[in-house]
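Please look over the sequence and the model below before reading on.

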Amino acid sequence: MATDSTITCTVKDPISPAKANNGHDGTTPTDKGTAGTNGSSHYDGGDCTWKCDQPPTDGKPGLPGGDATDGTPGQSGQHGPIFTNVVDVLEGHITIVVGAQDGQAGGDGGNGGNGGPGGDAGVDPNASKDSNACAAAQNGPPGVGGNGGNGRDGGKGGNGGQVYLYYRQNNNASWDVVTNQTSGGAGGAAGKQGTGSTNGNPGNPGNPGDPGAAPIVNVLPKS
């Protein structure tokens with residue numbers, strides 16, 4: 001009595017981890033920019049007014065945010081194995097499973113760091129004494145934002161498995177084929193730009209990997 005059988009010609013496990021490493025985020029400075037210099041003023045008793053001797057200066061811009069790093073490219077999937085066999089009598093029902101391994105997703109780009117806080121404005125120490133002789137200084141602007149990292153390309157899908165089954169006699173055998181057309185890994189996402197007095201540039205997204213070649217199955221009489 002003929003029995004059913006299965007031929008498996010594929011890669012057992014998917015790539016682990018499913019996604020390549022992401023890039024690192026840029027740093028955001030916490031220290032303030034250089035503070036402005038203090039001003040000075042004096043009270044003129046002759047005309048009973050405050051007079052500015054040296055105006056305070058504005059704070060300096062903050063430190064720039066750090067640039068992010070790119071993600072890691074995805075690995076290509078393993079190709080499916082090749083199975084070749086010759087049988088004397090082909091009978092029963094045969095299920096042929098062929099496939100390969102999908103490509104790994106590319107890593108995301110890191111996010112750019114934000115610009116650090118600007119420096120404090122210089123002050124006129126006599127301002128608390130109702131001296132308005134010197135114009136007030138301004139705090140420094142934040143630093144420029146860092147650039148985002150690039151997402152990297154996904155890995156290429158592995159080429160499908162190949163089955164070459166030859167027979168010398170076919171005893172009313174039947175077969176069907178279950179295929180797994182592999183796909184390439186998804187491209188990594190672009191890293192975001194850091195914000196600041198001027199924003200950094202965002203990264204670029206990665207491209208998806210190409211699919212692998214289709215599996216090949218041949219069940220033929222042995223010549």
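The report turns to the chain as a whole and then to a single residue.

## Basis of the model

This is a predicted model, in which local features need pLDDT of at least 70 and side-chain atom pairs count only at pLDDT 80 or more, while totals for chains, interfaces and linings use all residues. Residues are numbered from 1 along each chain as its sequence is written, and side-chain values use heavy atoms, with hydrogens and water left out.

## Overall form

The protein chain contains 0 helices and 6 strands, where helices (H or I, at least four residues) and strands (E, at least two) are DSSP runs numbered from the N terminus. Its C-alpha atoms fill a box of roughly 125 × 25 × 15 Å along the principal axes. The radius of gyration of the protein chain is 35 Å, whereas a compact globule of 223 residues would have one near 17 Å; the radius is taken over C-alpha atoms, and the globule rule is 2.2 Å times the number of residues to the power 0.38.

Q104 lies in the loop between β4 (82–98) and β5 (162–179). This residue counts as buried because its relative accessibility is 4%, buried meaning under 20% relative accessible area, exposed over 50% and partly exposed in between, with a 1.4 Å probe and protein chains only. Across the protein chain, buried residues make up 36% of the 223 residues.

Leaving aside neighbours within four places in sequence, Q104 is in contact (heavy atoms within 4.5 Å) with residues including I15, P17, K19, P73, G154 and G185. With P17, the side chain of Q104 reaches the backbone oxygen at 2.8 Å.

Methods. Polar contact = N/O pair within 3.5 Å; in protein donor to acceptor, adjacent residues only side chain to side chain.
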